[in-house]
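Here's a protein model to look around in. Start with the pocket, then follow the strands to the metal site.

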Amino acid sequence: MRMGFITVILAGAMLSGCAAPGPNAISNPTSATDGWIVEKVTEVSNLAVPECAAVCPDGGDVFISNIDAPKEGPDNRYNTEDNQGFITRLKPGGALIAGQWVKSEVNAPIHSIKGLCVLKGVIYACDVDHVRRMSIKTGQALEPIYIRDAQFLNDAATDGEYVYVSDSNTNKIHRLDGMKVTDIPAPNNPNGIAFENGKMIVVSWAEHEIYEVDMDCIVPPKPFGLADKFEGLDGVEVLSDGTFIVSDQKQNRLALIGADRKSIRTLVKVKGGPADFGIDAKRGFLYVPMIWNNSLTVFKLTNTRK
Ligand SMILES: [Ca+2]
Ligand SMILES: [Ca+2]
């Protein structure tokens with residue numbers, strides 16, 4: 001989600017609760033970014049400000065969050081409780097199952113949903129100040145999780161055990177253990193979250209930087225040092241060989257960062273503002289919502305070094 005309009009909270013809050021910097025825990029071997037290529041498969045249209053695509057780990061179906069907001073109006077129309085939002089569902093590869101698979105209902109409203117993730121048969125969807133939950137089988141609403149003081153919940157990701165959500169305004173990551181919520185201090189203006197061998201990786205929209213975040217809160221978030229290479233980071237994922245992939249909404253590109261955390265290469269240039277993309281590693285698909293074009297592009301993702 002674009003967030004140039006957000007009041008950026010000073011970075012002083014980002015390290016609260018963390019102890020002094022500890023030793024560098026990163027010792028990954030160098031790895032180049034070459035080998036990964038994409039090829040466009042298809043495009044899904046008629047979306048409405050799509051922010052995130054998440055792949056169901058079991059069947060490979062794809063869920064897309066649609067913020068759905070008027071074309072004109074105040075900037076906060078992308079983060080308001082307007083009863084206007086929905087989830088699109090695709091088959092693996094991009095065939096449409098339902099444009100509005102889950103719609104806003106009086107008793108189960110959807111407002112301005114953004115990050116999605118799937119854990120144990122349940123979809124978790126960030127929606128302003130709470131996490132909407134629904135069954136992946138039926139779409140039926142489950143009890144939502146309200147997060148105290150939340151303002152702009154952005155991404156949702158899972159390490160296979162817990163769900164984590166970022167709040168781009170309060171500079172926190174929240175860990176959801178059932179209905180129990182605990183906080184992890186995050187970088188300034190956190191957006192996308194991913195996991196790499198038990199490590200949490202977070203991108204910051206305002207800082208244009210990628211961080212490793214210590215989930216135990218012993219060391220402060222550690223930047224990769226790539227802030228001058230990017231302008232508007234939204235999504236992040238980690239590929240099978242340790243290569244990172246990020247979407248830069250302002251630069252209109254998806255980029256690869258080597259496991260060395262230094263080398264960078266453009267994977268593909270796009271149009272329309274690539275937002276929080278989803279990856280199906282098993283089937284080799286990359287699903288990229290184009291938030292300002294109301295569409296999603298499906299790419300085949302291949303590693304030619306294999
Ligand atoms: Ca996002
Ligand atoms: Ca909306």
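The lining of the largest pocket splits into 23 nonpolar, 7 polar and 8 charged residues. Here Ala, Val, Leu, Ile, Met, Phe, Trp, Tyr, Cys and Pro count as nonpolar, Asp, Glu, Lys and Arg as charged, and the others, Gly among them, as polar. Keep in mind that this is a predicted model, where local features need pLDDT of at least 70, side-chain atom pairs count only at pLDDT 80 or more, and totals for chains, interfaces and linings use all residues. Residues are numbered from 1 along each chain as its sequence is written, ligands are numbered from 1 and chains lettered from A in the order in which they are written, and side-chain values use heavy atoms, with hydrogens and water left out.

Strand 6 pairs with strand 7 (residues 122-127) in the antiparallel sense over 5 bridges; pairing takes at least two DSSP bridges. One bridge partner in strand 7 is Y124, which sits across from C117.

Now for the metal: E51 (OE), N154 (OD1), N191 (OD1) and D234 (OD) coordinate the calcium ion (ligand 1) at 2.4 Å. Donors are N, O and S atoms within 3.2 Å for Ca. N154 and D234 are 80 residues apart, in strand 10 and strand 18, and both are buried.

Note on methods. Donors are N, O and S atoms within 2.8 Å of the metal (3.2 Å for Na, K and Ca); water is not among the atoms, so sites may look incomplete. Helices (H or I, at least four residues) and strands (E, at least two) are DSSP runs, numbered from the N terminus. Buried means under 20% relative accessible area, exposed over 50%, partly exposed in between (1.4 Å probe, protein chains only).
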